[in-house]
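Welcome to my notebook. I went through this structure piece by piece and jotted down what I looked up along the way.

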Amino acid sequence: MKEDSLVVHEIYASIQGESTFAGVPCTFVRLTGCNLRCAWCDTTQAFKGGVRMRRDEVREKALAHGTPLVELTGGEPLLQPGAIPLLAELCDAGRTVLVETSGEADVSRVDRRVHKIMDLKAPGSGESHRNRWSNLAHLGPRDEVKFVLAGRADYEWMRGVVRDRELAAIGCALLVSPVWGAVDPKDLVTWMLEDALPVRLNMQLHKIIWGRDAQGV
């Protein structure tokens with residue numbers, strides 16, 4: 001696949017539903033395709049299909065919404081070679097740019113101006129063996145690490161990763177998200193406080209506002 005085009009599932013404006021940017025108006029560019037199959041995935045519709053578009057067309061459609069924030073997501077956006085130059089071009093256009101990526105995809109080539117939101121897969125996802133731990137060396141204070149947790153066992157795994165790999169020393173935000181309907185957020189908060197972890201609860205605002213099954217919002 002060449003860098004001058006991308007397969008796009010959808011482009012739309014909404015508010016950022018997660019991360020430290022939650023609540024900020026944001027344009028989402030959702031690319032098609034993912035090489036992981038997490039047990040709790042809520043965007044399986046982006047695994048296939050989509051429309052091939054020129055990279056410059058994708059860029060202009062994203063900028064046309066006029067939001068200060070643009071996020072490249074998926075699927076797994078970094079599977080497509082055109083994602084790397086697109087991210088840089090969106091930064092050049094003066095936008096604050098986010099990329100939502102798994103812990104498996106290589107982030108080393110992502111423009112340093114981009115805020116990388118990297119999802120480290122817990123055992124409950126069924127994909128924790130795919131985490132690319134070398135990615136941690138390419139994260140800095142502007143980036144974020146997200147853990148999606150399906151239960152207490154996932155929480156304890158996350159707690160060990162935060163401590164053993166000294167993630168707080170990176171300076172990036174550490175986000176903890178409950179799998180919708182699987183973990184009571186009140187329990188997650190209790191565990192966080194008991195262990196005094198340097199993490200931040202990360203709820204999915206878009207599901208709270210529009211419901212768990214809503215798409216394109």
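**Entry 1: a pair at the sheet's end**

β8 and β9 run parallel and are joined by two bridges. I keep in mind that this is a predicted model, where local features need pLDDT of at least 70, side-chain atom pairs count only at pLDDT 80 or more, and totals for chains, interfaces and linings use all residues. Residues are numbered from 1 along each chain as its sequence is written, and side-chain values use heavy atoms, with hydrogens and water left out.

For the names, helices (H or I, at least four residues) and strands (E, at least two) are DSSP runs, numbered from the N terminus. Two strands pair if DSSP finds at least two bridges between them.

**Entry 2: the whole sheet**

Next I traced the strand order. I found an open sheet of nine strands, ordered β3-β1-β2-β4-β5-β6-β7-β8-β9, with mixed pairing. β3 (51-54) and β9 are at the edges with a single partner strand each, so one side of each has no neighbour in the sheet.

**Entry 3: β6**

How many of the residues of β6 are buried? I count six of the six, so β6 is largely enclosed by the rest of the structure. Here buried means under 20% relative accessible area, exposed over 50%, and partly exposed in between (1.4 Å probe, protein chains only). His115, Ile117 and Asp119 point one way from the strand, Lys116, Met118 and Leu120 the other way, and all are buried.

I then looked at the partners. β5 and β6 run parallel, with five bridges between them, and Glu100 has Ile117 in β6 as its bridge partner. Towards β7, four bridges join β6 (residues 115-120) to that strand, again in parallel. Met118 stands opposite Val145 in β7, and Leu120 stands opposite Phe147.

β7 pairs with β8 in the parallel sense over six bridges, and Val145 stands opposite Leu174 in β8.

**Entry 4: helix α4**

Which residues of α4 (residues 185-195) are buried? I noted Leu188, Trp191, Met192 and Asp195. Down the axis of α4, its buried residues fall within an arc of 100° (taken from the directions from the helix axis to the C-beta atoms), so they line one face of the helix. On the other side, Lys186, Leu193 and Glu194 are exposed.

The buried residues of α4 pack against β7 (144-149), α3 (152-164), β8 (173-178) and β9 (200-201). I also checked both ends. At the start, a side-chain oxygen of Asp184 comes to within 2.9 Å of the backbone nitrogen of Lys186. After the helix comes Ala196, with a positive phi near 50°.

One is with the side chain of Ser177 at 2.7 Å, and another is with the side chain of Glu18 at 3.3 Å.

Thr32 sits in the loop between β2 and β3 and is buried, with a relative accessible area of 11%. The Thr32 side chain reaches the backbone oxygen of Gly49 at 3.3 Å. Leaving aside neighbours within four places in sequence, Thr32 has contacts (heavy atoms within 4.5 Å) including Val7, His9, Phe47 and Gln80.

Last, I looked at Gly66, in the loop between α1 (55-64) and β4. Gly66 counts as exposed, at 54% relative accessibility. The C-alpha atoms of Gly66 and Arg95 are 9.3 Å apart, while the two residues are 29 residues apart along the chain.

Methods: A polar contact is a pair of N or O atoms within 3.5 Å; within protein, one must be able to donate a hydrogen and the other to accept it, and residues adjacent in sequence count only if both atoms are side-chain atoms.
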